[in-house]
Amino acid sequence: METSSRELQASEYLEKHQIKELVSYLTSALLFFRPEKPREYLISLLERLRIAKVTGVAFPFFMDNSNIVAMFEMMDSSGRGTISFVQYKEALKTLGLCTEDEDLQDDGHIITLDKFKEEVNKRMKEI
């Protein structure tokens, strides 16, 4: 019983401080940029995040609108201008903007480029 209580406390702590999202973002940034010195890069990235939080200045994320559009277009191979909810969810996971255990609800609507950009930008700001 004590183990499950400790696991629950740990899970709540990670959720409260958005640690899973942070680790996922850091991993995605590493894979995106593939720096020669990954540890130094991570330290620099964390420092920039800290400065952005303290000063209230927006942190420059590695994804800009052209990257978001390119990713969407790769998923929209038929050129219909929409992607499925499954593709949308996987893209958010790939970008480190959605955790494995996050329960995204499929509202039945198709995902357009505008909706995709809006959600990616919103989630990047939250991090």
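Student: Helix 2 passes helix 3 in a right-handed crossing. What makes a crossing right-handed?

Tutor: A crossing is right-handed if the near helix is turned clockwise from the far one by less than a right angle, and left-handed if anticlockwise. Before we go on, this is a predicted model, where local features need pLDDT of at least 70, side-chain atom pairs count only at pLDDT 80 or more, and totals for chains, interfaces and linings use all residues. Residues are numbered from 1 along each chain as its sequence is written, and side-chain values use heavy atoms, with hydrogens and water left out.

Student: What makes a stretch a helix here?

Tutor: It's a DSSP run of H or I with at least four residues; strands are runs of E with at least two, and both are numbered from the N terminus. Helix 2 covers residues 19-33 and helix 3 covers residues 38-55.

Student: Why are helix 2 and helix 3 called oblique?

Tutor: They pack at an angle of about 130°, with axes 11 Å apart. Axes are lines fitted to C-alpha atoms, for helices over the stretch in contact, and angles run from 0 to 180 degrees between N-to-C directions. Under 35 degrees is roughly parallel, over 145 roughly antiparallel, 65 to 115 roughly perpendicular, and the rest oblique. Helix 2 and helix 3 are therefore oblique to each other.

Student: Which residues of helix 2 and helix 3 meet?

Tutor: Leu22, Tyr25, Leu26, Ala29, Leu30 and Phe33 of helix 2 meet Pro38, Tyr41, Leu42, Leu45, Leu46 and Leu49 of helix 3 (contact means heavy atoms within 4.5 Å). That contact has 12 nonpolar, no polar and no charged residues. Ala, Val, Leu, Ile, Met, Phe, Trp, Tyr, Cys and Pro count as nonpolar, Asp, Glu, Lys and Arg as charged, and the others, Gly among them, as polar.

Student: How are helix 5 and helix 6 set against each other?

Tutor: They pack at about 30°, with their axes 11 Å apart. That makes helix 5 roughly parallel to helix 6. Tyr88, Ala91 and Leu92 of helix 5 touch Phe116, Glu119, Val120 and Arg123 of helix 6. By class, that is 5 nonpolar, no polar and 2 charged.
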